[in-house]
Protein chains: 2
Amino acid sequence: MQEIKVELTKNPKEKPAPGAPLPFGTIFTDHMFIMDYDLGQGWHDPRIVPYGPIEMEPSAMCLHYGQSVFEGMKAYRAVDGRILLFRPDKNMARLNVSNDRLCIPQIDEKFAEKAIEKLVSIDRDWVPSGEGASLYIRPFIIGVDPHVGVHPAHHLMFMVICCPVGAYYPEGLNPVKIYVEKNYVRAVRGGMGYTKTAGNYAASLKAQDEAEKQDYTQVLWLDGVERKYIEEVGTMNVFFVIDDEVVTPELQGSILSGITRMSCIDMMRHWGMKVTERKISIDEVARAAQEGRLKEAFGSGTAAVISPIGHLKWGDVVMEINKGEIGPVSQKLYDTLTGIQWGKVKDEFGWTVEVQ
Amino acid sequence: MQEIKVELTKNPKEKPAPGAPLPFGTIFTDHMFIMDYDLGQGWHDPRIVPYGPIEMEPSAMCLHYGQSVFEGMKAYRAVDGRILLFRPDKNMARLNVSNDRLCIPQIDEKFAEKAIEKLVSIDRDWVPSGEGASLYIRPFIIGVDPHVGVHPAHHLMFMVICCPVGAYYPEGLNPVKIYVEKNYVRAVRGGMGYTKTAGNYAASLKAQDEAEKQDYTQVLWLDGVERKYIEEVGTMNVFFVIDDEVVTPELQGSILSGITRMSCIDMMRHWGMKVTERKISIDEVARAAQEGRLKEAFGSGTAAVISPIGHLKWGDVVMEINKGEIGPVSQKLYDTLTGIQWGKVKDEFGWTVEVQ
């Protein structure tokens with residue numbers, strides 16, 4: 001395994017005061033991880049250096065052709081002071097899935113996981129301890145050849161940056177308002193929808209922006225082929241509790257394989273619940289709502305963990321779900337997942353990894 | 001109109017020797033144009049400065065979420081020494097179409113065109129004079145907020161960089177080999193296919209890479225819904241001459257509105273040819289080929305202008321088009337378009353703009 005060189009900052013930044021608001025993704029820690037790739041040489045020169053701007057050629061490929069993948073994960077300060085990561089192996093495996101689709105060379109997953117642990121360990125004082133707060137970790141890879149031409153890059157950078165973030169819902173778990181997007185499509189089978197790549201998020205900006213202007217939190221995406229099957233909600237996976245079945249769209253190429261999604265599925269099955277990954281149309285959801293069989297709906301993702309959906313609008317059809325209240329499944333998943341993440345609940349699944 | 005500040009380089013680079021090979025997109029001129037956008041302030045501080053790397057925060061939005069659009073255009077050194085741009089107003093109009101889809105604030109098209117003319121004028125000695133050579137111009141806009149969050153950027157940069165490029169086909173117009181892509185999809189209606197945004201090119205990398213490994217130049221994309229209608233070829237629009245009709249896929253949201261495409265259509269109609277923009281399936285093309293009615297096929301784009309397709313493979317079906325030779329329509333379009341661009345043929349359409 002390559003040695004990671006460490007250059008500590010000589011000018012540590014002032015850390016946010018305990019309890020101070022931590023707006024998502026705006027405050028960065030003292031250090032970052034960088035590793036370069038060159039064709040013929042492979043990944044080389046892993047290093048942890050002071051956080052700061054990088055030099056970039058205006059012709060750098062990622063700026064023009066979007067050869068860029070990322071991951072999102074968190075480090076949690078457990079109640080006993082330990083710092084825990086949540087299923088980091090799954091993030092690194094998914095990063096390599098994204099890499100493959102974007103013609104980015106594979107990384108050594110174990111090594112990358114160790115590099116992230118080392119970075120978090122060095123910046124451990126930045127892991128916040130407030131209720132619901134955590135350290136958001138953003139690994140990403142960009143193609144940086146100074147070359148205006150549509151080709152896989154020969155020189156790339158793998159970087160990891162971290163930001164302390166506050167509770168996603170500072171006033172507690174709050175159901176959100178979502179509408180079904182009819183004009184825009186996020187991704188289609190054959191495309192890049194199953195990867196965490198820049199273009200998928202670019203494609204979502206306009207719908208998201210219009211949703212916010214109409215006082216909705218996010219949109220529910222439908223498939224790009226038949227425009228009827230449910231895909232994701234905003235930047236989260238989505239679940240529906242219909243009668244005694246929990247349904248979530250199956251992974252078929254256009255949906256991200258969320259790590260919170262897979263954890264929810266594993267956990268609910270462990271609890272003996274019936275969980276089905278299958279095609280589910282917006283008509284089916286609307287019909288279930290009308291017949292009083294739609295008990296709950298919620299999104300799952302790293303940022304918010306669980307986001308109950310209280311209000312779902314599909315054209316003229318408005319569904320108030322569980323009277324706009326949090327349902328028992330959403331609440332139990334949220335409590336158990338965050339309980340494991342913050343070390344309050346026994347981790348029966350072996351999902352947490354302690355940063356040494 | 002805002003004043004463009006100019007800071008000339010103190011260290012002009014050595015220009016490529018006349019006749020030296022100019023690999024596409026790798027050599028950059030002495031200067032670049034930059035303009036910033038800030039929410040509440042609008043576009044400001046237009047300036048031409050020495051070409052060089054920019055400082056970028058690792059959290060810059062464009063690196064993670066692909067909020068990035070661009071254009072591609074060329075300046076040509078006419079036979080009489082004038083420097084000509086080809087329909088730059090169309091590029092700027094399309095840039096604003098891309099901007100709208102990507103939640104990027106509109107630019108002043110006239111001003112941007114003037115800025116590009118000024119940049120080319122300052123770097124006019126970089127416009128090569130060799131046969132088929134030109135100055136490739138790359139305007140692009142990127143969101144650069146140092147913020148890890150999926151939202152339209154509040155701070156953006158509009159930049160223009162230029163590179164002298166040699167003839168696309170140094171040994172003359174040469175038919176290319178293309179195969180029909182069956183696994184990957186470039187874009188789908190409701191997505192971003194009609195824009196020049198980073199993610200569309202990222203989505204194309206893997207198919208393009210696999211094509212090159214199989215000794216094909218590019219792929220022919222099919223639509224993402226029915227997987228049968230023809231969209232584009234690689235990074236170009238595509239035309240088929242079937243009997244006495246020239247057919248090109250209609251613009252319906254997933255195809256780029258190429259400026260060479262519209263110029264080809266205008267020109268052929270001016271010549272009295274029957275040109276139809278409509279849905280065209282790969283089955284129809286294969287049937288026409290089998291029945292001897294497929295006379296020609298060619299791609300159109302800024303880089304190569306016209307690329308005749310001599311060989312088209314669709315699964316087990318191999319179509320040799322016009323015996324692998326350049327057809328009369330391709331040749332006439334190429335000669336006329338490049339004739340206008342290099343000032344050898346009278347510009348009846350008013351398409352060229354002289355750089356003063």
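Biologist: Which of the residues of chain A comes closest to the rotation axis?

Modeller: In this predicted model, chain A can be laid on chain B by a turn of 180 degrees and a shift of 0.0 Å along the axis, with an RMSD of 0.0 Å. That is the relation of a two-fold axis. Of the residues of chain A, the one whose C-alpha comes closest to this axis, at 1.9 Å, is G199(A).

Biologist: Through which surface do the copies meet?

Modeller: In the contact between the chains, 61 residues of chain A touch 61 residues of chain B. Of the interface residues of chain A, 100% are also interface residues in chain B, so the two copies meet through the same surface.

Biologist: What area do chain A and chain B bury between them?

Modeller: The size of an interface is often given as the accessible area lost when the parts come together. Here 64% of the buried area lies on carbon and sulfur atoms. The area that chain A and chain B bury between them is about 5000 Å².

Biologist: Which residue forms a salt bridge with K206(A)?

Modeller: The rule finds two salt bridges across the interface of chain A and chain B. In the one that involves K206(A), the closest N and O atoms are 3.4 Å apart, against a limit of 4 Å for a salt bridge. The partner of K206(A) is D100(B).

Biologist: Which element of chain A gives the most to the side that touches chain B?

Modeller: Between chain A and chain B, 22 residue pairs are in polar contact. The elements that give two or more residues to this side of chain A include helix 2 (88–101), strand 8 (134–143), strand 9 (155–165) and helix 4 (198–213). With 11 residues, the element that gives the most is helix 4 of chain A.

Biologist: How many residues apart in sequence are the parts that the pair D36(A) and R47(A) ties together?

Modeller: The structure holds 34 salt bridges over all chains, and one of them joins D36(A) to R47(A), with the closest N and O atoms 2.8 Å apart. D36(A) lies in strand 2 (residues 31–38) of chain A and R47(A) in strand 3 (residues 42–50) of chain A, so the pair ties together parts whose separation in sequence is 11 residues.

Definitions and conventions
Residues are numbered from 1 along each chain as its sequence is written. Chains are lettered from A and ligands numbered from 1 in the order in which they are written. This is a predicted model: local features need pLDDT of at least 70, side-chain atom pairs count only at pLDDT 80 or more; totals for chains, interfaces and linings use all residues. Side-chain values use heavy atoms; hydrogens and water are left out. Copies are superposed by least squares on the C-alpha atoms of residues with pLDDT of at least 70 in both. Contact means heavy atoms within 4.5 Å. Buried area is the accessible area (1.4 Å probe) that two parts lose on being put together, summed over both. A salt bridge is a side-chain nitrogen of Lys or Arg within 4 Å of a carboxyl oxygen of Asp or Glu. A polar contact is a pair of N or O atoms within 3.5 Å; within protein, one must be able to donate a hydrogen and the other to accept it, and residues adjacent in sequence count only if both atoms are side-chain atoms. Helices (H or I, at least four residues) and strands (E, at least two) are DSSP runs, numbered from the N terminus.
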